[in-house]
Amino acid sequence: LLQLITASATDILGAAAGSLLLTVDDGSGDLEFRVAVGGSGENLIGSRLAAGVGLVGEVAATGDAVIVNDVSNDPRWGGELRHSLFHTSAVLAVPLISQNKVVGVLEVLNKRNGAPFTVDDLDLLTAFAGQAAVAIENARLFQMTDLQLSERVGELETLERIDVELNRSLDLAKVAEIT
């Protein structure tokens with residue numbers, strides 16, 4: 001799902017690359033690179049950015065989208081992709097908001113045709129990110145429900161084994177031991 005969201009956003013906006021970062025569930029507010037398409041950002045997958053660091057950190061902290069068409073002159077640019085061969089000149093980053101909470105950031109880098117990102121691009125990516133955030137949250141909830149269901153099935157299987165063992169014996173001492 002995350003790969004599809006990032007690839008679709010990159011294609012829709014005609015961007016050369018894109019990435020999707022999700023907030024880490026440890027309460028730190030840090031962001032973790034989960035997907036990178038285009039460019040050479042695959043080596044960043046799994047790496048973390050501290051809360052509030054760089055453009056994407058600002059987007060996550062404030063919940064406001066950002067357009068920067070010249071990152072070399074923007075002090076907020078932390079060079080998230082500094083360790084790659086990909087040269088970033090322009091960034092459009094929007095928050096992924098679900099239930100009034102920022103759950104991540106979706107960013108696209110450099111238009112393929114060299115044009116700057118516009119407010120229309122921002123509006124389009126913001127609308128797309130809204131739907132993506134809902135899909136991500138639904139996937140998380142489904143995963144949690146599936147895990148809880150698996151745990152419950154395990155509990156029921158254990159109870160069934162105990163029931164079988166208890167029914168095998170009429171000896172009160174053996175039943176107490178099994179229980």
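**Exercises on a predicted model**

The axes of helix α1 (residues 2-12) and helix α3 (residues 119-168) come within 11 Å and cross at roughly 170 degrees, where axes are lines fitted to C-alpha atoms, for helices over the stretch in contact, and angles run from 0 to 180 degrees between N-to-C directions. This is a predicted model, in which local features need pLDDT of at least 70, side-chain atom pairs count only at pLDDT 80 or more, and totals for chains, interfaces and linings use all residues. Residues are numbered from 1 along each chain as its sequence is written, and side-chain values use heavy atoms, with hydrogens and water left out.

**Exercise 1.** Describe the surroundings of Asp30.

Step 1: Asp30 lies in the loop between β1 (15-23) and β2 (31-38), strands being DSSP runs of E with at least two residues.

Step 2: Asp30 is buried, with a relative accessible area of 16%, where buried means under 20%.

Step 3: the side chains of Asp30 and Arg48 are joined by a polar contact of 3.1 Å, that is, a pair of N or O atoms within 3.5 Å, of which one must be able to donate a hydrogen and the other to accept it.

Technical notes: Helices (H or I, at least four residues) and strands (E, at least two) are DSSP runs, numbered from the N terminus. Buried means under 20% relative accessible area, exposed over 50%, partly exposed in between (1.4 Å probe, protein chains only). Contact means heavy atoms within 4.5 Å. Lists of a residue's contacts leave out its neighbours within four places in sequence.
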